[in-house]
Amino acid sequence: MFVRLRLNAGGDSSCLPPPAPTHVPDGRTAEEAEMITAMFRFRKYNRDVESYLKRLEQAARARRISPPIHTQMHNDMVDTLRRVVEQFNFQVRTYKAREALGRRSARAQRH
């Protein structure tokens, strides 16, 4: 859908959405370093999405894309961001729960 919308936007490559991170660590098995690396990757993706949405708004104001196309592109990007971030946040919660369980087990073994 984005390719078709890009063509409707006059081929403005600045209105291409940023690629979402393709790897979400498994919170059941990931090491801390992997989760931290992913966190930075997702923060960058969030900044890239914010920048994209600003460029998209500028394109709409300059009438390079129509209001319905702008709305669709905006909503698609926000939906993608929400979906990807929810996947990551789920894995973060899984990781934190695993770590908390490990700490409790370690304390119980010491006492």
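The side chains of R28 and D26 form a salt bridge, with N and O 2.7 Å apart. The structure is a predicted model. D26 is partly exposed, with a relative accessible area of 26%. Both residues also touch Q91. The contacts of Q91 beyond four places in sequence are V24, P25, D26, G27, R28 and M35. Q91 itself is placed in helix 3. With a relative accessible area of 16%, Q91 falls under the 20% limit and is therefore buried.

The overall fold is helical. The chain holds three helices and zero strands. Along the sequence the pattern reads α-α-α. Of the 111 residues of the chain, 30% count as buried. The accessible surface comes to about 7,600 Å². Carbon and sulfur atoms make up 54% of that surface. Contacts across the sequence were also examined. Among contacts in the chain with a separation of 6 or more, 75% join residues 24 or more positions apart.

Helix 2 spans residues 32–61. This helix has 30 residues. From its first C-alpha to its last, helix 2 reaches 44 Å, close to the 44 Å expected at 1.5 Å a residue. Its buried residues are M35, A38, F42, Y45, V49, Y52, L53, L56, A59 and A60. One of them, M35, is a contact of Q91 in helix 3. An α-helix has 3.6 residues a turn, so residues three or four places apart point the same way.

The largest nonpolar core has 21 residues. Within this core, L56, I65 and M73 have the most contacts. Helix 2 and helix 3 are the elements that give two or more residues to the core. Helix 2 provides the largest share, ten residues. In soluble globular proteins, nonpolar side chains tend to be buried together.

H70 lies in helix 3. L56 and A60 are among the buried residues of helix 2. H70 counts as buried because its relative accessibility, 12%, is under 20%.

R61 and E57 are four residues apart in helix 2, so about one helical turn separates them. R61 is exposed, with a relative accessible area of 67%. E57 counts as partly exposed, at 29% relative accessibility.

Helix 3 contains a further pair. The side chains of D79 and R82 meet in a salt bridge, with an N to O distance of 3.4 Å. D79 and R82 are three residues apart in helix 3, so they too are separated by about one helical turn. D79 has a relative accessibility of 40% and counts as partly exposed. R82, at 45%, also counts as partly exposed.

The loop between helix 2 and helix 3 contains R63. Helix 3 covers residues 67–110.

Methods
Residues are numbered from 1 along each chain as its sequence is written. This is a predicted model: local features need pLDDT of at least 70, side-chain atom pairs count only at pLDDT 80 or more; totals for chains, interfaces and linings use all residues. Side-chain values use heavy atoms; hydrogens and water are left out. Buried means under 20% relative accessible area, exposed over 50%, partly exposed in between (1.4 Å probe, protein chains only). Contact means heavy atoms within 4.5 Å. Accessible areas come from the Shrake-Rupley method with a 1.4 Å probe; for residues, only the protein chains shown count as cover. The expected span of a helix is 1.5 Å times one less than its number of residues. A nonpolar core is a set of buried Ala, Val, Leu, Ile, Met, Phe, Trp, Tyr and Cys residues joined through side-chain atoms within 4.5 Å. A salt bridge is a side-chain nitrogen of Lys or Arg within 4 Å of a carboxyl oxygen of Asp or Glu.
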